[in-house]
Amino acid sequence: MTVYSPVSGEVLDLACVADEAFSSEAMGKGVAIIPSNGTIISPVGGVVTTITKSRHAIAVISNDGVEILIHVGLDTVKMKGEGFSLKVQEGDSVKVGDILIEVDLAKINERGFELITPLIITNSDNYVSVSGVAAQNISAGSPVITIKV
């Protein structure tokens, strides 16, 4: 199974994330992306299951049962939704490429938060392997994680 990049930018290993919940893979395996623009798209076809009250994180479950968390920036929960414009609601069906959130990256920078965006497979333990592409620049909608069942 393939998970596509939810945003254009630079792909990094999760170990590069300055938040142990992500870097230790405690929440699951995945990759991190430093976004080059603020359009966050669905990485899979599926259903939006959770949107945080502060709109900085969104979860989608794929039609194949892969549970994906997109967490835009670090500590951005403290922005209380400022700079995040939702384009979907919980329960919406989405396909790869549908816009989930528009994010004001400049506002995140101004507020002093990191832009790095973890993309986590929260049910990684259900799979034989979850592997991300090597560090590189990527376009939104390009394959970024391969999952072996």
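I take a strand to be a DSSP run marked E of at least two residues, numbered from the N terminus. I call two strands paired if DSSP finds at least two bridges between them.

**Ground rules.** I am working on a predicted model, where local features need pLDDT of at least 70, side-chain atom pairs count only at pLDDT 80 or more, and totals for chains, interfaces and linings use all residues. Residues are numbered from 1 along each chain as its sequence is written, and side-chain values use heavy atoms, with hydrogens and water left out.

**Entry 1: the sheet of three.** I looked up E4 first. It belongs to an open sheet with the order E4-E10-E8 and antiparallel pairing. Strand E4 (39-41) and strand E8 (84-86) are the edge strands, and each pairs on one side only. From one strand to the next, the twist averages 20° (axes are lines fitted to C-alpha atoms, and angles run from 0 to 180 degrees between N-to-C directions). I then followed E4 to strand E10 (residues 99-103) and found three antiparallel bridges. Thr-39 has Glu-102 in E10 as its bridge partner.

**Entry 2: the sheet of eight.** Next I traced an open sheet of eight strands, ordered E9-E5-E6-E7-E11-E3-E2-E13, with antiparallel pairing. Which strands stand at its edges? They are E9 (93-94) and E13 (136-138); each has a single partner strand, so one side of each is left without a neighbour in the sheet. My reminder on pairing: strands of a sheet pair through backbone hydrogen bonds, either parallel or antiparallel.

- E5 (residues 46-51) and E6 share five antiparallel bridges, and Val-48 stands opposite Val-60 in E6.
- E2 (residues 9-13) and E3 (residues 29-35) also pair antiparallel, over five bridges. Here Glu-10 has Ile-34 in E3 as its bridge partner.
- E2 and E13 pair antiparallel over three bridges, and the partner of Gly-9 in E13 is Ile-138.

**Entry 3: Ser-62.** I found Ser-62 in strand E6 (residues 57-62). Is Ser-62 buried or exposed? Its relative accessibility is 8%, so Ser-62 counts as buried (buried is under 20% relative accessible area, exposed over 50%, partly exposed in between, with a 1.4 Å probe and protein chains only). Setting aside residues up to four places away in sequence, Ser-62 touches Val-44, Gly-45 and Gly-46 (contact means heavy atoms within 4.5 Å).

**Entry 4: Lys-29.** This residue lies in strand E3. Lys-29 is partly exposed, at a relative accessible area of 34%. Beyond its neighbours within four places in sequence, Lys-29 contacts several residues, including Leu-14, Ile-120 and Val-130. I also looked up Asp-125, which is 96 residues from Lys-29 along the chain; their C-alpha atoms are separated by 8.7 Å.

Definitions and conventions. Helix = DSSP H or I, 4+ residues; strand = E, 2+ residues; numbered from the N terminus.
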